[in-house]
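Please look through the structure below. A short report on selected features follows.

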Amino acid sequence: MKSTRTRAIVVTATMALTLSAAAAPTFAASSPAASSRAASSAAQKYTYDFRTGATTDPQAAPIVKKLLAALPKDWQARRAAFLAKTGAEPGPVGRSIEAQLTGAKCEPTTLNAYVEKITAGIPLPRLFVLALVGAFDYPTYDALIYGSRTDADYSLTPGTTGKVRYTTSVARGFWDIKSGDIAVMGMHSNMVVDRARVIRTVQTIFGVSAADAAQFADLIIPLILDTKQLRDGNNPMFSLNAFAFTAEGQAGLEGIGDRIVMGEGMIKALRDTGNIEVGPQMVLSHEYGHHVQFENHAYPAQTSPENTRMMELMADAYGAYLDSHREGLNFNAERVNGAIALAHLVGDCAVNNPGHHGTPSQRAAAASWGASLAKSNGTTVLPSKQVQALFLKALPAILKH
Ligand SMILES: [Zn+2]
């Protein structure tokens with residue numbers, strides 16, 4: 001049984017269009033059509049193999065060759081081992097790009113639409129190379145292993161610090177779990193051009209020497225700096241995520257404390273889509289819900305799409321319970337509705353994918369269930385395990401949505 005856990009809120013979570021009229025039409029109207037055109041023309045012209053790195057794209061092939069020369073032949077297996085050890089998953093930006101370039105049939109999601117917006121104009125060979133070697137996840141892995149709440153490199157995004165700190169402090173007093181060791185921090189997109197941090201992260205992911213990692217960094221960083229749309233590493237796509245992590249004594253991860261990491265790119269997406277008012281609290285509450293699950297040993301031993309969905313919907317319910325409860329954030333009706341709408345828009349339709357977090361209507365139903373329970377409890381805060389038991393009873397009905 002795997003003891004480590006990383007649970008990310010799927011980035012979709014944050015780009016909900018909610019009730020903000022200003023941002024919504026831009027994404028909803030233009031992106032899906034544009035995306036399918038881009039994907040099909042790319043797919044027709046060249047092939048991009050994310051398993052081997054093979055590509056017929058004459059601009060990408062030589063760069064891939066150089067980069068992979070700095071890595072051992074089994075680099076993919078090494079990265080898979082790192083992910084297995086930490087419980088991390090490849091991030092949604094890389095997955096979205098992979099789906100675009102391989103022409104995978106994919107439901108048009110809010111996430112994909114947003115990724116298309118922030119990747120607009122970036123040459124496909126560049127996107128392929130960066131996604132192939134997982135560069136969109138380097139800030140995540142860096143924060144997972146090296147992040148510290150007292151280090152300015154992991155500071156929370158200005159403008160959200162108060163909301164995030166307040167929500168954390170309310171959550172600590174609200175839930176009946178050991179929480180003193182949960183550090184809340186940020187991660188920043190431009191980590192990907194910080195040579196020293198890229199080197200140590202590449203060493204960690206692929207288990208290579210500092211010299212090989214430096215060779216790799218000296219190829220990938222100039223590539224990022226040379227791509228105008230990546231804005232010297234400041235494009236939000238590099239940190240469009242938030243996650244909860246616990247090492248629970250896993251060998252090789254000693255000394256890495258429990259944490260919640262809020263990506264700067266995710267905050268930017270919340271802002272861009274008009275969700276900055278309740279978004280940071282919702283994301284923090286959801287991730288905190290995962291720590292409640294960690295502490296209560298609620299995770300099933302087996303990973304499956306059904307189990308992932310159950311745990312994600314439960315985190316939505318825990319989040320909405322905290323946000324809505326009188327002893328929690330005590331959201332008013334309008335904010336509760338905003339939270340439910342946000343949950344709706346973070347849903348995905350990849351029902352057979354192990355990373356499936358629930359469909360939009362299931363996620364909204366889970367949040368709505370948590371909010372109703374909270375409002376019916378008055379000033380009584382139920383023990384977290386009781387909330388879990390009630391949730392599991394309600395789950396069959398939630399899944400019918
Ligand atoms: Zn989650």
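What spacing do the donors of the zinc ion follow along the chain? The spacing is H-x3-H-x21-E. The model is a predicted one.

## Zinc site

Three residues coordinate the zinc ion: His286 through NE2, His290 through NE2 and Glu312 through OE. The distances are 2.0 to 2.1 Å. His286 belongs to helix α12 (residues 279–295) and Glu312 to helix α13 (residues 305–324), so this pair ties together parts that lie 26 residues apart in sequence.

Are His286 and Glu312 buried or exposed? His286 has a relative accessible area of 2% and is buried, because the cut-off for buried is under 20%. Glu312 has a relative accessibility of 1% and also counts as buried.

## Helix α13 against α16

The crossing of α13 past α16 is right-handed.

Which residues of α13 meet α16? They are Arg309, Met310, Leu313, Met314, Ala317, Tyr318 and Tyr321. On the α16 side, the partners are Ser384, Val387, Gln388, Phe391, Leu392, Leu395, Ile398 and Leu399.

Strand β2 (residues 183–187) is mostly covered, with five of its five residues buried. Both of its faces are covered. Ala183, Met185 and Met187 lie on one side, and Val184 and Gly186 on the other. Strand β3 (242–246) is likewise mostly covered: five of its five residues are buried. From β3, Ala242, Ala244 and Thr246 point one way, while Phe243 and Phe245 point the other way.

How do β2 and β3 each run relative to β4 (residues 259–263)? β2 pairs with β4 in the parallel sense, over five bridges. Here Val184 stands opposite Ile260 of β4. β3 and β4 run antiparallel and are joined by four bridges. In that pairing, Phe245 has Arg259 of β4 as its bridge partner.

Most residues other than glycine have a negative phi.

How accessible are Arg231 and Asp232? Arg231 has 44% relative accessibility and counts as partly exposed. Asp232 has 46% and counts as partly exposed too.

## Helix α2 against α10

Two packed helices are described by the angle between their axes and the distance between the axes. Helix α2 (residues 61–69) and α10 pack at an angle of about 145°. Their axes are 8 Å apart. The crossing of α2 past α10 is left-handed.

Which residues of α10 does α2 meet? They are Phe216, Leu219, Ile220 and Leu223. From α2, the contacts come from Ile63, Lys66 and Leu67.

Note on methods:
Residues are numbered from 1 along each chain as its sequence is written. This is a predicted model: local features need pLDDT of at least 70, side-chain atom pairs count only at pLDDT 80 or more; totals for chains, interfaces and linings use all residues. Side-chain values use heavy atoms; hydrogens and water are left out. Buried means under 20% relative accessible area, exposed over 50%, partly exposed in between (1.4 Å probe, protein chains only). Helices (H or I, at least four residues) and strands (E, at least two) are DSSP runs, numbered from the N terminus. Two strands pair if DSSP finds at least two bridges between them. Donors are N, O and S atoms within 2.8 Å of the metal (3.2 Å for Na, K and Ca); water is not among the atoms, so sites may look incomplete. A crossing is left-handed if the near helix is turned anticlockwise from the far one by less than a right angle, and right-handed if clockwise. Contact means heavy atoms within 4.5 Å. Axes are lines fitted to C-alpha atoms, for helices over the stretch in contact, and angles run from 0 to 180 degrees between N-to-C directions.
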